Amino acid sequence: MASASSLLDVQGLTVEFETRRGVVRAVRNIDISLAKGETLGIVGESGSGKSVTSYAVMRILDRAGKIAAGSIRFAGIDLDKASESEMVDLRGREMSMIFQNPRAALNPIRRVGHQIEDVLRQHAQAGSGDARDKAVDALRQVKIARPEERYDAYPFELSGGMCQRIVIALALACRPKLLIADEPTTGLDVTTQKAVMELIVELTRERGMSTILITHDLGLAATYCDRIVVMEKGAIVETATSEQIFARPAHDYTRKLMRATPRPGIGLRDLLPDDATSTPIPPNAPGAPLLTVRGLVKEYERPGVGVLARVFGRRTDPAVLPFRAVDGLSFEVMRGESVGLVGESGCGKSTTSMMLMRLLDPTEGEIIFDGENIGAIPARSFAADKLRPRIQMVFQDPTDSLNPRYTAFRAIADPLLRFGAASGADDLRTRCEELARTVGLPVDLLDRFPHQLSGGQKARVGIARAIALKPDLVVLDEPTAALDVSVQALVLNLLADLKATLGMSYLFVSHDLHVVRLICDRVIVMKGGRIVEQGSAEDVLDRPQADYTRELIAALPHPPAAAA
Amino acid sequence: MLKVFLGRLMTTIPALIGVVAVSFLLTRVLPGDTAAYFAGPAATPQAVEEVRKSLGLDRPLPEQFSRYVADLSRGNLGNSLTTGQPVLEDLKSRLPASAELTLFGLVLSLLVAIPLGITAAVKQGSFIDHACRAVATAGVSLPVFFTGLLLVYVFYFILQISPAPLGRLDVFASAPPTVTGFYLVDSLIARDMQTFKATLAQLLLPGITLAIFSLAPIARITRASMLAVLSMEFIRTARASGLGKRTIIMTYAFRNAMLPVVTTLGMVFSFLLGANVLVEKVFAWPGVGSYAVEALIASDFAPVQGFVLAMAILYIVLNLIIDLSYRLIDPRMGATS
């Protein structure tokens, strides 16, 4: 593998972590080589060791981790033997890294311009006289509008996409030879993802840099990388060019990963491995309207506008008018139907789901659930309302939405206890076990706490809790966003089966158009608190009418050959 | 900023009204009869009644209270029966002594505790980390009067390197001209190094006593807060961009770790005000703490009320400063409110 032109050459790398339960091998005997100017993707699910590999290359493993064996050669230097002070010189100047969750990756209380200056000065790329100019220049190169102003901004004043640009500016300020991007677009909107990825590609091409893109998204890697390394449980299972990986995946794991990746032209069952029982999903015949929303509006007062300004200010002045998070929404959800609510962050989809769950009072409009206007019931008294058990929610983060001190059993039993739906402890136990079986959670896991469960198991607990009271409507708020693709495939199939057997309706809030296509009958596209388009999933996603929908679809990564 | 400042100042008014009412009531329900105390042990009941009348203590409580409030609004805290001086004058002359001692103790404690906490966090599990824990536990478990006496015994009595623990200055030195009331500062202003040294020598033992007592909470919170910040993602970014260890620890980690430390500082200061009373007794320090205790024993109401009020105001001002310094440390504070 190692060639004369390779910039980075990793041989037999093994990384170990000391934990309370002994030594854990996070990365086992891997070889990676990266040529000058090449873009390499490292793809794998959580726990595959892909991030640990990059930390080992940068030598920023945390205290418990160490390189147990192998060599890392970078531009002729043995990184595994280099001293810390040599590494400090290399990091940021010769090799840089950008991270997931850009807002957290920046110092929250330091002006972004100063953070860039810190790096420039550290590597003697700027003195006190020209540091500011060079920092502003770095901001300009990542295409930040009004860089002189942004120089003085704090990360909390900037959007997620903007923060990621700052992190990129920070990483590229000293013109390194190698850039490692660790899930750089996870958590960003698709259009922002596209802009950020294109910026990375453009800057690295322009400077002839080598790039390692670490991601869980095979489609994203195939779109932007020359070669792809697939990792599973700390080992490399396959290395091939992007075209090869998509056209002829050689390893079983790669095939499984590819299958589980939602993409156009397939059905839900196609996500599962071949050997899985593939009973067809029962078709559903949407019935009468279950939920009707008419002219729903949610306004928030703008901060800093005084009472006097509100009363006497010109009603047309946009600075004084309240902010409309949701602006005149009207739609219906039929019985047995699953409706997707898509849009980018800030489009009002979460506010809408909060209002439907009656956690938030609407400013105007009606929410008619099964013939009753629940919008008129104040949010604080809805918890005790007789309709409350019939609307349930599954949350985005399966970990954060479970009480860490409740066992899985207690979490699932919670709604049953609250609404007195069980008679006695035995009945409660029986019903929880039944629910666990329904969602495919092994019954012996019921007495475990959330931290003893995997992501997929926690998601199942969340779903079991939501269906415990046999609701008519379940609001699913990005229920699979935090899951690995193979787990997501299972959970999506489970949701579809449950809907068919229990006759529920879903409102599926998501930003992932591929997932929405698979699970939803109808799709509503939102932007700026309004509906820009709604219709059947096929119509909206294959023949979009609105420009904005087209823009969203165009922003999805397009792998070279979308063969399954 | 001014708006925030005034807004915060307004919220302290109810607290002050409460302090005035409670300190008044507390002194009235305490056991002991002021009139009997001041009439002397040989006084006849008639004499005691006369004293009571002259002090206005025979009036109903609401009337006493309204007179007290009326006096307060004119800036009159009443007269001390033991010293015969207006309470305001007594407090004015004694408060700087207490404040100087408390602040000196706090600064000493910060100088040791913060570097200790940072080192313990950076070298987690090392010798320094264990030492930090041991020192902190020992410091908080020893009562201040015991530490004070121990220090006096060792440094004054046995080693004889410390001056006699008898107040702010030894008998041969004279106080510097008053500017701030803090002898350390005033002697520097007067360029009187001799007095400065003498003051420092007197301050050192009681200051260390207070510092040992307040070391524990500051060191522990610094360590915990640093550990939390050091595991955050932006520290990883800083490391990945090759910033030096010093920059990462001081500019990136410590500034972010400061908020909880500053919060604790407010609490520690109030502990110190309490501990001060005992330390002043041990070191014959002419501060407000010992003044208030003496007045309390003598059932002398006015100084006790004045003391409680002064402490309350001090505490409120301190918390105001802490609140405002949050905004200086963390730009997000101003944006969210």
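Into which domains is chain A divided? Chain A comprises domain 1 (37–51 + 83–263) and domain 2 (335–363 + 377–555), the bounds being taken from an automatic or database domain assignment. The structure is a predicted model, in which local features need pLDDT of at least 70, side-chain atom pairs count only at pLDDT 80 or more, and totals for chains, interfaces and linings use all residues. Residues are numbered from 1 along each chain as its sequence is written, while chains are lettered from A and ligands numbered from 1 in the order in which they are written.

The model scores ipTM 0.79 and pTM 0.81. For chain B, the mean pLDDT (the predictor's confidence in each residue, from 0 to 100) is 85, and 99% of the residues reach 70 or more. Within chain B, confidence is lowest in helix H14 (residues 331–336), where the mean is 67, and highest in helix H10 (residues 233–240), at 91. Helices (H or I, at least four residues) and strands (E, at least two) are DSSP runs, numbered from the N terminus.

The centres of domain 1 and domain 2 of chain A, taken over C-alpha atoms, are separated by 32 Å. Between these domains, 14 residues of domain 1 of chain A are in contact with 14 residues of domain 2 of chain A, two residues being in contact if their C-beta atoms, placed from the backbone, lie within 7 Å. On the side of domain 1 of chain A that touches domain 2 of chain A, the elements giving two or more residues are helix H7 (190–206) and helix H10 (252–260) of chain A. H7(A) gives the most to this side, with 4 residues. By class, this side of domain 1 of chain A has 4 nonpolar, 5 polar and 5 charged residues. In this classification, Ala, Val, Leu, Ile, Met, Phe, Trp, Tyr, Cys and Pro count as nonpolar, Asp, Glu, Lys and Arg as charged, and the others, Gly among them, as polar.

Between the chains, 27 residues of chain A are in contact with 20 residues of chain B. Helix H2 (84–90), strand E6 (95–98), helix H3 (112–122) and helix H6 (160–172) of chain A each supply at least two residues of the side of chain A that touches chain B. That side of chain A divides into 17 nonpolar, 6 polar and 4 charged residues.

The largest nonpolar core has 208 residues, of which Val167(A), Ala169(A), Ile412(A), Ala464(A), Leu507(A), Phe508(A) and Ala253(B) touch the most other members. A nonpolar core is a set of buried Ala, Val, Leu, Ile, Met, Phe, Trp, Tyr and Cys residues joined through C-beta atoms within 7 Å. A residue is buried if 20 or more other C-beta atoms lie within 10 Å of its own, exposed if 12 or fewer, and partly exposed in between, with C-beta atoms placed from the backbone. Helix H11 (residues 245–282) of chain B provides the largest share of this core, 16 residues, and at least three residues come from each of domain 1 and domain 2 of chain A. Leaving aside neighbours within four places in sequence, Ala253(B) is in contact with Met226(B), Val229(B), Leu230(B), Ile235(B) and Ile248(B). Another core, of 13 residues, lies apart from the largest one and includes Tyr291(B), Phe301(B), Val304(B) and Ala310(B).

Helix H11 of chain B also contains Thr263(B), which counts as partly exposed because 16 C-beta neighbours lie inside 10 Å. The C-alpha atoms of Thr263(B) and Ile322(B), 59 residues apart along the chain, are separated by 7.0 Å.

In chain A, an open sheet of 4 strands has the order E12-E11-E14-E15, with antiparallel pairing; strands pair if DSSP finds at least two bridges between them. Strand E12 (323–334) and strand E15 (372–373) of chain A are the edge strands, each pairing on one side only. Strand E14 (residues 364–369) of chain A runs antiparallel to E15(A) and is joined to that strand by 2 bridges, with Phe369(A) opposite Glu372(A).

Asp270(A) is placed in the loop between H10 and strand E11 (289–300) of chain A. Asp270(A) is partly exposed, because 16 other C-beta atoms lie within 10 Å. Positive phi values occur in Asn29(A), near 50°, and in Arg146(A), about 50°. Asn29(A) is found in strand E2 (residues 22–35) of chain A, whereas Arg146(A) is in the loop between helix H4 (131–141) and helix H5 (147–150) of chain A.
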